[in-house]
Amino acid sequence: MTAPLRDPAHRVSRRAITLWLLEALIGFALLVGGSVLVASWIDGSGWSWLPSWVSEHIWWLPVALAVVELPFVVIEPLWRYAVHRWELSGDVVYARSGWFSRQWVFVPVSRIQTVDKEQGWFERILRLATVEIRTASYAGSSSIKGLDVGVAARLAEDLAHRAHELRDDAT
């Protein structure tokens, strides 16, 4: 009998909520802004092939998109914060992420080839970072997003050190 999968021990930084909210707001603005452009283009075009009910109510398109998308903009960052966790235990990095679908990742430290700490400019403003773990597997790399800069630096350094030690032990 197998033991149930437990949650990784550490949460990401609470500031990750703000990061995910900013990312969601940008997507929201692009989506609603694009629908406003489409609505104004269709409204001024006088296309006769469109049904009259569409051309007469085309300005409902951005309103409907905003009403449908806005709850996701608010809920997604909070939900992701509740789901995203990570842990470095012994010789395995264990991370959980996602919001519509969940992803559990186990990375054996012995398989790590490189460890990178990355920051986009929103992350720099919020003092957050992403740790990117690249392995020799076909899956490529795994990342832990939304970490405090200091935590990310320590984790990246610790992973690189442990991976180096395990590689030296194997030779």
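First, a definition: two strands count as paired if DSSP finds at least two bridges between them. Helices (H or I, at least four residues) and strands (E, at least two) are DSSP runs, numbered from the N terminus. What you see is a predicted model, in which local features need pLDDT of at least 70 and side-chain atom pairs count only at pLDDT 80 or more, while totals for chains, interfaces and linings use all residues. Residues are numbered from 1 along each chain as its sequence is written, and side-chain values use heavy atoms, with hydrogens and water left out.

Now look at strand 6 (residues 128-135) and strand 7 (residues 141-148). Six bridges pair them in the antiparallel sense. Which residue of strand 7 is the bridge partner of Glu 132? The partner is Ser 143. Further along, Arg 134 has Ser 141 of strand 7 as its bridge partner. Contact here means heavy atoms within 4.5 Å.

The hairpin of strand 6 and strand 7 has five residues between the strands, and in it Gly 140 takes a positive phi near 90 degrees. Arg 127 has a positive phi too, of about 60 degrees, although it is not a glycine. You will find Arg 127 in the loop between helix 4 (121-126) and strand 6.

Strand 3 (residues 92-98) runs antiparallel to strand 4, and seven bridges join the two. Within that pair, Arg 96 stands opposite Trp 104 of strand 4.

Next, the domains. An automatic or database domain assignment gives the bounds, and the chain is divided into domain 1 (11-81) and domain 2 (85-166). How far apart are their C-alpha centres? They lie 32 Å apart. The contact takes 16 residues from domain 1 and 15 residues from domain 2.

Buried area is the accessible area (1.4 Å probe) that two parts lose on being put together, summed over both. Between domain 1 and domain 2 about 1500 Å² is buried, 66% of it on carbon and sulfur atoms. On the domain 1 side, Arg 11, Arg 15 and Leu 19 lose the most area to domain 2, together 39% of what that side buries.

Last, the salt bridges, each being a side-chain nitrogen of Lys or Arg within 4 Å of a carboxyl oxygen of Asp or Glu. The count by this rule is seven. Asp 148 and Arg 15 form one of them, with the closest N and O atoms 2.4 Å apart. That pair links distant parts of the chain, as Asp 148 is in strand 7 and Arg 15 is in helix 1, 133 residues apart. Between domain 1 and domain 2 the count is two salt bridges. Lys 145 also forms a salt bridge, with Glu 23, where the closest N and O atoms are 3.0 Å apart. Helix 1 (15-45) and helix 3 each supply at least two residues of the side of domain 1 that touches domain 2. The largest share of that side, eight residues, comes from helix 1.
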